[in-house]
Amino acid sequence: MTAPEKSGSVMVVGGGIAGMQSALDLAESGYYVYLVEKSAAIGGIMSQLDKTFPTNDCAM
Amino acid sequence: MISPKLVEVGRHLNIEILTNSELLSLDGEPGRFTAQVHQDPRFVDLAKCTSCGECAKVCPIALPNEYDEGLSERKAIYKQYAQAIPGAFGISKRGTAPCKATCPAHVSIQGYIALIDEGKYAEALQLFKESHPFPGICGRVCHHPCEQICTRNDVDQPLAIRELHRYLADWEQTQESPYVPEVKEKRDEKVAVIGSGPAGLTAAYYLALAGYQVTIFEKLPKAGGMMRYGIPEYRLPRSILDTEIGVIEQMGVTIKTGVAFGQDFTLDSLKKDGFASVFVGIGLHGGRKLGVENEDAEGVLQGVDFLRDMALGKEVEIGEDVLVVGGGNVAIDVALTAKRKGAKNVTLICLEKREEMPAWEHEIEEALESEINIVNSFGPKNFFIDKSSKVSGIEFKTCTAVFDENGRFSPSYDEDACQPFFGDTVIVSIGQSTVLDGIREQGIETTPPGGIKADPVTLQTSVEWVFAGGDAFYGPKSVVDAVSCGKEAAESIHRYLNGLDLAEGREKQWEFEKPDTSMEAHKPRTPVRCLDPEARECNFLEVSFGFNEEEAKKEADRCLRCGICSECYQCVKACLAEAIDHTQQPEDKEITVGSVILSAGTEIYDPGELSQFYHYGKNPNVMTSLEFERILSASGPTMGHLVRPSDEKEPKKIAWLQCVGSRDTNRCGNGYCSSVCCMYAIKDAMIAKEHSKEELDAAIFYMDIRTFGKDYEKYYDRARNKEGVRFVKARVHSIYDDPKTRDLTLRFADESGNMVDEPFDMVVLSVGLQAGEGTKALAERLGIEMNHYNFLKTGPFAPVATSRPGVYTCGILQGPKDIPASVTEAGAAAPAAGADVAEARGKDAKTIEFPEEIDVAGIEPRIGVFVCNCGINIGGVVNVPEVQEYAGTLPGVVFTDSNLFTCSQDTQDKIKEKIQEENLNRVVVASCSPKTHAPMFMETLEACGLNKYLFEMANIRNQDSWVHANNPDLATKKAKELVRMAVARSATLHPLHERVIPVNKRALVLGGGIAGMNAALDLSKQGFESVLIEKEDKLGGMARRLHHTIEGADVQGYLEKLVGQVEKDDKIEVLSGAQVAGFEGFQGNFLTEVKIDGQQEPRSIDHGVILVATGGAEYRPKEFLYGEDDRVMTQVELSDRLEKSGADGLDTVVMIQCVGSRNEENPNCSRICCQAAVKNALAIKKQNPASQIFVLYRDMRTYGLLEDYYTDARKQGVIFVRFDKEHPPQVAADGDGLKVTVKDHVLQQDIEIGTDLLALSAGVTATDTKAVSDIMKLNRNPEGFFIEAHVKLRPVDMPGEGMFLCGMAHGPKLISETIAQSQAAASRAVTFLSKDTIQLSAITAKVDVDHCVKCLTCVRSCPFGVPKFNVEKGEIEIDDALCHGCGVCTAVCPRQAIQLSFYEDDQITCKIDALLAGGI
């Protein structure tokens, strides 16, 4: 039995900061990425934050 | 910070974002899975929406804004947040509202109600008339099935839906002229409609709307059918009927009355007159007979005839005592009309019981109000006649059942129980029938019961070009049913005339879902004022007065907005880009992928379930930390103004309560630590203090402060010592809410055990993170194992691999963690997922090919200016045609254009076309921000061979129309100035080319510990070679001293396997006993010299990237008799002892935490020592349960899921004693044992513990890397750990391009964290190595060596240390491979000898000149 032909795509489920980073690393490495997000926009909880520790940089 | 990353993801050619989507299932195996993805519609076309926001302005539906945690409102059509990607708006819907789904005409009921609520009556009326031509008629006579289904009915009473659209029609009567729908395009085809009842009129209305030439043929003298000749005037005033029929005539429909089908005209004559299709809606104008003796006697009338004759104004004779036979609506109308005509006694007798009567309840009520005597359960037996053969009454028999056991109409009687009723007039009203005169003769087939035969969906009759509907087709029904049927008939005729399939896609399912109403407050239905019953006698005045405006708005406000979006379609009208599509349907997609990463994140703990204790949801001044985060945010509900919700006053005292929904097995079951709450509470407290005008008392109530991350302890110190944030170690016992002031009093025991009451203005709950129901369901669907907290299960040595091969995880789905840890894991998951498909790398990836570049050298500028309207964003303020005309007068401009949306795809095509047609060599776009849009326009230039740097933008939106919306003239003037400046600059631009350098595909890994080896192996799995340099003669690093992880995993076994894999791997070259001796080069092309023990000559290694994994070591304590007494050892030494000789002889063990950490010398927390102590304590307890173990600690920092082990240790009897930094324990050697003295906080006295062994939780120190850091110019922090490019979002990148960092070299961490980080570093490295070339930025600084005086100002000023003085050449050199293009050197150079390309001096000064040229 021969192994099925490999796909050159990866699916990332969840478009928060973790999913975005995975998607970018994969896409930059030569793979096609499907980023599946439940809501109407990516960004996740990080996009709701005002500032981030420990630098107090603006989260957005 | 996240914003550029959002844009990067959004614009990436090889990332396809599927929003509103869920992964349903995954079949297949690693390398080739088939994923089923369900995507809900957005109702907005992503490609067309330009995010202008006009739609949201007109949307009448406001709902809590999830982005602001419900503290503000958003519209049903919305953008999640300003910077959201995708930027397109979307619509929230919950199916179709029940009212609309149930209405036979499917009127957007919630829509017109929402518009009434906003006072937009004209819009509401228009919306109604889109799906129903008779708001006024149906506003009076509809049987309103919508009200039965109305969700308000489940709370109190249904909305007065019918009265509300009647209000619209009444409002229309007060306007100058009624609303006549616009007929868009006239057509030549003629359509005949036979019968002018509601079905025929509706068919005519929709056919006319579609442009057809429609003629209605009516037998009776006036149009309206049963609406005029069946419904009495007191219920439906004729003026309303006339208005609404009049509108149809104004739309171009001809109505011919007094013409009978079959007599005055036939199908043949219609055909001859050019009619292409016919609709037959002739209604039920005949009565039904009882079929009993003497029915034809004088004084016996048929109900429909009676009503029609009354409506026609004919003389109708009735007596004083009227008997009406029948229980339907017509019978009621007959009885009430008889009463109004002067009958003294009207008795209505029917077969049915009261509750079975077919008449609508409100009509029966009305009859009773008018003193109609209703007698139930009798069937007529025979009529009595008097001597003159005139009727005098009827004998009735008792009806025992109306329906048979199958529910069919089949009355049974008791013939023995009879009763006579006497009267001088009997009106029989037991049903209606079609008068089929002329129908059969025309060849139109009929049904056995006597109706017209037609297809139930298409309404086509046996004659192909003839369609039928209304009562004559389906039997007696309501007006709204006829409207629905008429609409369908119009659709069929349209399809028929255009040769389309009549049936395709017609049978739509109207599904709805009701919202949860359990929390809904009661709001009683607004009553309708009516004519007093006495005032109704002997006249036909309208009974109901309907609503006035106030009543209508009050009633409209009761709507529960079941569908969320009301489908009022105002957004469709407002959207100039035509992006909105309410008909979009859900899609199920099948997608082939090789591997999957699950990063579905977390849910924030909802403290609502503990509202009794926390008062959350009851007192608005108690909020979650995420809500508070929104309050602090400048884009939040208070625009960053810190006020408390109850009175919008600035709080003076705020308390933070830690561990809400975390470390709490009793109340919420979340036994773990959420890892982030201590840090964010400190952050929020500091920021809140910054935001307060007056001094804010910020107090954090905690159990342990867990600031265990890199440099986090310094942050905690800063908050406590510099910013004055108060830290109170206490668990709050209870909270009291003052109902008047809404202040909150916290009762807690202080450290010495005294109860304290302290009032606060606000309480912030530091809520934890948890696995949500959604992610649990996802894991279950995919068959992936979870731990007991429903986070995905992973192993210590494979931190991102789930239980299912080919599926990986990262972020909080795997366990609570902060952003850097999530990003690191994301980086680890990427190469893991990539390794499964490494051989197919590039197979699915898309690339763009650009045409050869046009040479513009020596050609005069030919500038094209494109001015954008941005819908009405710019065009609504700035006079765009004037700006465009002005642009045409500017020097060098050869072409101008203006566009509705310059960023839309079709405009890009247009720009390309114009560049080619007009030979443009410079392009200026006057629109919005270059930050968001310049890259796209530059791509457009490249796509037609124009160098992308020949582009310039003028921001006439953000910097003009938005800020000067109230001053259009000045805004137009400013737009011209901005365009003039942009045009001037564009003429000075010249092509720039990004230098392309080849990438050396080999990596150099510094350090052969777990981090370095994992990184090298990961690179190898993705096909890249590496050279691994280890200074020792053996691989393994710090891990060689370790035995087990806290989970019990065997470190030595793992290490052995890892070393074996590395040594066998032919893509990894290991150089042991090796050290870096020299280094040069830049990203993609480094050259490192390595000195190897025993070799004379250093070896030169060329490589494209560097991974730094130089590791760390255990601190060697100088305190607590370490090194003096061999019973004092470190935790690593203790575990070594336990491994070798067990816990024998260890009856008492004392452990001291924070040795060599969190002190002046090393201010940071070493992160791993608390878990090391717990691990060893548990190991001792396991081997020697009777042993006594004391852990002396400052804060126990068993973060994340490690908390379980801490809980277990306490259960096992390990005693934890807290001490503070100022009062450390004292250790003395005491004969046989050691004596440890520590001050107990609860007892407030010193306790002495004699112990067999003292374990010191010695911190982590960085490996000595001074030499390598100096040679390679790698920055370290004061503690010797290397510095990452960005603590949050680039945790494994180093500031220098092409350099990456992992493991303890970055900071203390666990093995699992080290592995994740090394995989992440490998992932980042692969993003470099997988490319053949790197494009360097074209925007770099260049030195004019002829004018440079070598003052070295640039060398000193460059934040990246790029300018160098080349001693040999005597010149300053700036390597464009290293230059960041920041422009600092350009600005500081006193001789202006440095130019930054694209921002050359004259390219900037020309803009100023252009501005001043206009005069100010």
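**Helices, sheets and contacts**

Trainee: Let's start with a helix. Which residues of helix H5 in chain B are buried?
Mentor: H5 spans residues 121-131 of chain B, and its buried residues are B:Glu123, B:Ala124, B:Leu125, B:Gln126, B:Leu127, B:Phe128 and B:Lys129. Keep in mind that this is a predicted model.

Trainee: What covers the buried residues of H5(B)?
Mentor: The cover includes four helices of chain B: H4 (109-117), H6 (135-141), H9 (161-173) and H20 (570-574).

Trainee: And helix H19 of chain B, which residues are buried there?
Mentor: In H19 (residues 549-556) they are B:Ala552, B:Glu555 and B:Ala556. They span an arc of only 100° around the axis, so they sit on the same side of H19(B).

Trainee: Why would residues a few places apart point the same way?
Mentor: An α-helix has 3.6 residues a turn, so residues three or four places apart point the same way.

Trainee: What covers the buried residues of H19(B)?
Mentor: H4 and H9 of chain B are included in that cover. H4 and H9 are also among the helices covering H5(B).

Trainee: New topic. What is the strand order in the open sheet of five strands in chain B?
Mentor: The order is E13-E20-E14-E15-E16, with parallel pairing.

Trainee: Which strands stand at the edges?
Mentor: E13 (300-302) and E16 (373-375) of chain B do. Each has a single partner strand, so one side of each has no neighbour in the sheet.

Trainee: How are neighbouring strands turned against each other?
Mentor: By 20° on average, direction ignored.

Trainee: How many bridges join E15(B) to E16(B)?
Mentor: Three, and the two strands run parallel. B:Leu348 stands opposite B:Ile374 in E16(B).

Trainee: Now strand E38 of chain B. How many of its residues are buried?
Mentor: Six of its six residues, 863-868, are buried. B:Ile863, B:Val865 and B:Val867 point one way, while B:Gly864, B:Phe866 and B:Cys868 point the other way.

Trainee: Which strands are joined to E38(B)?
Mentor: E40 (residues 922-927) of chain B is joined to E38(B) by five bridges, and E39 (residues 893-899) of chain B by six. Both run parallel to E38(B). B:Gly864 stands opposite B:Val923 in E40(B), and B:Cys868 stands opposite B:Asn899 in E39(B).

Trainee: What do E38(B), helix H27 and E39(B) make?
Mentor: A right-handed β-α-β unit, with H27 at residues 880-888 of chain B.

Trainee: On to the two chains. How many residues are in contact?
Mentor: 58 residues of chain A are in contact with 83 residues of chain B.

Trainee: Which element of chain A gives the most to that side?
Mentor: H1(A), with 12 residues. By class, the side of chain A that touches chain B has 30 nonpolar, 19 polar and nine charged residues.

Trainee: How do E2(A) and E1(B) pair?
Mentor: In the parallel sense, over four bridges. A:Val33 stands opposite B:Ile15 in E1(B).

Trainee: Last one. Where is B:Gly438?
Mentor: In the loop between strands E21 (432-433) and E22 (466-468) of chain B.

Trainee: Is B:Gly438 buried or exposed?
Mentor: B:Gly438 is buried, because 20 other C-beta atoms lie within 10 Å. Leaving aside neighbours within four places in sequence, B:Gly438 is in contact with B:Ala260, B:Phe261, B:Gly262 and B:Gln263.

Notes
Residues are numbered from 1 along each chain as its sequence is written. Chains are lettered from A and ligands numbered from 1 in the order in which they are written. This is a predicted model: local features need pLDDT of at least 70, side-chain atom pairs count only at pLDDT 80 or more; totals for chains, interfaces and linings use all residues. A residue is buried if 20 or more other C-beta atoms lie within 10 Å of its own, exposed if 12 or fewer, and partly exposed in between; C-beta atoms are placed from the backbone. Two residues are in contact if their C-beta atoms, placed from the backbone, lie within 7 Å. Two strands pair if DSSP finds at least two bridges between them. Axes are lines fitted to C-alpha atoms, for helices over the stretch in contact, and angles run from 0 to 180 degrees between N-to-C directions. Ala, Val, Leu, Ile, Met, Phe, Trp, Tyr, Cys and Pro count as nonpolar, Asp, Glu, Lys and Arg as charged, and the others, Gly among them, as polar. The arc is that of the directions from the helix axis to the C-beta atoms. A crossover is right-handed if, with the strands pointing away from the viewer, the path from the first strand over the helix to the second runs clockwise.
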